[in-house]
Amino acid sequence: MKANNIIAAAALCVAAVVPTFAQGTPEVPAGKALYEENCAVCHQFDGGGVPFMQPELIGSPRANGAKGGVIDMILFGSAAEGAGQGEFSNEMTSFDYLTNKEIAAIATYVRTNFKNDGGPVSDADVRSRRK
Amino acid sequence: MIAKIVGMSLLATSITTVVAADMEGVPDGTPADPQTGVALPAGFKATVFAEGVGPVRHIVAAENGWVYGALFRKKDVSGYDVNVGAVAMHDSDGDGVIDKTEYFAPDMQGTGIGVYDGYLYYGTDTAVMRWPLPAGGAPKGDATMIAVGFNKETQHATKNMTFDGKGGLYVNVGAPSNACMREMRKKGSPGMRPCPILEEYGGVWKFDAATPNQDQMKDGQRYATGIRNGIALSWNSHADSLYVAQHGRDQLASFFPDMFTNEQSAELPSEEFHKVAEGADLGWPYSYYNHEVGERMVMPEYGGDGKTVSDEGQKPLVGFPGHWAPNGLMFLKGDAMPAEYRKGAFIAFHGSWNRAPMPQQGYRVVYVPLDDDGNVAGDWITFANGFAGDGPIASPRDAKHRPMGLAEDASGAMYIASSMAGGRIWKITYEGE
């Protein structure tokens, strides 16, 4: 597990320079583009969120925690944590219509940017969280 | 009679001319006063009346000399952590800064607050209640529930209120929705017709201000509908009518990239300022207002293409640029402010989050000149600005402060509240030029 993470992280570092990817490892530029297309309208381009309305992703415990946390939020929306449980007013819709690959790319972007160090997730990680 | 009518119309014309010629407001880019963090027109002075009192939302200045504020969250980004829903504040020595605070409404959170007929009213997300207004400080004892039965929601859930001075209590019941889409904020999800949300939300409900335990659906009257979120809600006693500034829908470009560019989606739809008669329909979710063309347009979820004009919903008095988030509305009652400010509408714009990737905008208080009948009498101006801080705001978290509640005290001084950074309230007086 740990070795896999290191390999994936290494692949990511390489990806920044050379656009070559191990199978199932999300493409970072694609993750950024998908994030900006689907998520930034609410969570903002800098991941800063909106006070009281949408959570910030910068230094987010969820983005630095277990792989399933971010994946579940994307797959199930705010229903993943129970309606009305958070400190934030807006509800998040489910993005389950995105492909496993797309969700993995977004989750990886969130978990490895915005001062987060949660590490990448793979298509298979997303597939395993679908209900 | 004819002479009277002519006389009145002449008077109206001259007032309009005076207003238009005299009102300049605060030009964009004017630096804020470094002491107070706010920029005002010449002749006005601000003090930081309260600092760090909690995430204060709507405020009211009572006849007992205290200012009361509703608190929105138990805890906010600055670490404020008191489990109460309201604060009473007093400036004993008259230096423009509070020296006494008392907290009340334990285990509650709210936005709405008001004073009417010797009572202090408070609105959580699910109820409006009141206490007898004390001689000073926090009200004592349990509140009496006045309007109840509102569903528990998180989106647009604030139960802010206003009074008509004739026993009527008007409560905003915002729609927990963007455009009444079948699936909440999901790209491609169509709008529902009829929109079932309008039965219990998306309007203003009227209650008797004094009768306990009125249920929204059984006892309340849906006074006006088609209002996505009327958090900026106030009775204009000069024109004897309800007014509202409503929040337009979000995300035109992200849901309909073929119809709207990011630039268009930043400016549209308008934030709408309306005079609201009984039975009024403001159009949401079937239409939105485009201030650039001066028409209501068919909402894209209901077949609109960004160009098709809609006949559903009344046109607003003013359409402001998109996503500015009108969260406070006030009409002055006193005469301490210059004459041109006494009959119009002050609107506090909380500031946008939905204009990205364009810079965020709006974090200001504007003034709309109105005549005796409550009709627009000149171009709106920026009355107070600089709250967000210097430079473009890419993301709302970069905004230092965001204007929210507005109040006027017995001396005619104005107050502007911000719930950010632990909460701040400014007191504004007119000192003359």
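This is a predicted model: local features need pLDDT of at least 70, side-chain atom pairs count only at pLDDT 80 or more; totals for chains, interfaces and linings use all residues.
How many bridges join strand E9 of chain B to E13(B), and do the two strands run parallel or antiparallel? Two bridges link E13(B) to strand E9 (residues 144-148), and the pair runs parallel.

**Figure 1. An open sheet of five strands in chain B.** The strand order is E6-E7-E8-E9-E13, and the pairing is mixed. Strand E6 (112-116) and strand E13 (214-215) are the edge strands, each pairing on one side only.

**Figure 2. The hairpin of E6(B) and E7(B).** Five bridges connect E6(B) with strand E7 (residues 119-123) of chain B, and these two strands run antiparallel. Gly112(B) stands opposite Gly123(B) of E7(B). Two residues lie between the strands of this hairpin, in which Asp117(B) has a positive phi near 55 degrees. E6(B) is mostly covered, with four of its five residues buried.

**Figure 3. An open sheet of four strands in chain B.** Here the order is E15-E16-E17-E20, with antiparallel pairing. Strand E15 (232-236) and strand E20 (318-320) stand at the edges with a single partner strand each, so one side of each has no neighbour in the sheet. From one strand to the next, the twist averages 20 degrees. Strand E16 (residues 241-246) and strand E17 (residues 271-276) run antiparallel and are joined by five bridges. One of the residues in this pairing is Ala245(B), whose bridge partner in E17(B) is Phe273(B).

**Figure 4. Asp164(B) and Trp235(B).** Asp164(B) is found in the loop between strand E10 (161-163) and strand E11 (168-173) of chain B, while Trp235(B) lies in strand E15 of chain B. Asp164(B) has 17 other C-beta atoms within 10 Å and is therefore partly exposed. Trp235(B) has 21 other C-beta atoms within 10 Å, so Trp235(B) is buried; the cut-off for a buried residue is 20 or more. Leaving aside residues up to four places away in sequence, Asp164(B) touches Tyr170(B) and Trp235(B). With neighbours within four places again left out, the contacts of Trp235(B) are Thr162(B), Phe163(B), Asp164(B), Gly165(B) and Leu242(B). Two further C-alpha separations can be followed along chain B. Asp164(B) and Pro326(B), 162 residues apart along the chain, have C-alpha atoms separated by 21 Å. For Trp235(B) and Asn385(B), 150 residues apart along the chain, the C-alpha separation is 24 Å.

**Figure 5. The largest nonpolar core and the surroundings of Ile347(B).** This core has 117 residues, and those with the most contacts inside it are Ile59(B), Tyr68(B), Val171(B), Val204(B), Ile347(B), Tyr415(B) and Ile416(B). Strand E22 (residues 345-349) of chain B gives the most to this core, namely five residues. Not counting residues up to four places away in sequence, Ile347(B) touches Ala232(B), Ala245(B), Phe273(B), Pro326(B), Gly328(B), Leu329(B), Val365(B), Val366(B) and Val368(B). Another core lies apart from the largest one; this other core has 24 residues, including Tyr35(A), Ile106(A), Val110(A) and Phe114(A). In soluble globular proteins, nonpolar side chains tend to be buried together.

Figure 6. Chain A has six helices and zero strands, in the pattern α-α-α-α-α-α along the sequence. Of its 131 residues, 46% are buried. Among contacts in chain A with a separation of 6 or more, 56% are between residues 24 or more positions apart. Helix H5 (residues 100-112) has 13 residues and reaches 18 Å from its first C-alpha to its last, close to the 18 Å expected at 1.5 Å a residue. Twelve of the 13 residues of H5(A) are buried, so the helix is largely enclosed by the rest of the structure. Among the buried residues are Asn100(A), Glu102(A), Ile106(A), Val110(A) and Arg111(A). Phe114(A), which follows H5(A), has a positive phi near 55 degrees.

**Figure 7. The contact between chain A and chain B.** Chain A gives 18 residues to the contact, and chain B gives 21 residues. The side of chain A that touches chain B consists of seven nonpolar, seven polar and four charged residues.

Notes:
Residues are numbered from 1 along each chain as its sequence is written. Chains are lettered from A and ligands numbered from 1 in the order in which they are written. Two residues are in contact if their C-beta atoms, placed from the backbone, lie within 7 Å. A nonpolar core is a set of buried Ala, Val, Leu, Ile, Met, Phe, Trp, Tyr and Cys residues joined through C-beta atoms within 7 Å. The expected span of a helix is 1.5 Å times one less than its number of residues. Ala, Val, Leu, Ile, Met, Phe, Trp, Tyr, Cys and Pro count as nonpolar, Asp, Glu, Lys and Arg as charged, and the others, Gly among them, as polar. Two strands pair if DSSP finds at least two bridges between them. Axes are lines fitted to C-alpha atoms, for helices over the stretch in contact, and angles run from 0 to 180 degrees between N-to-C directions.
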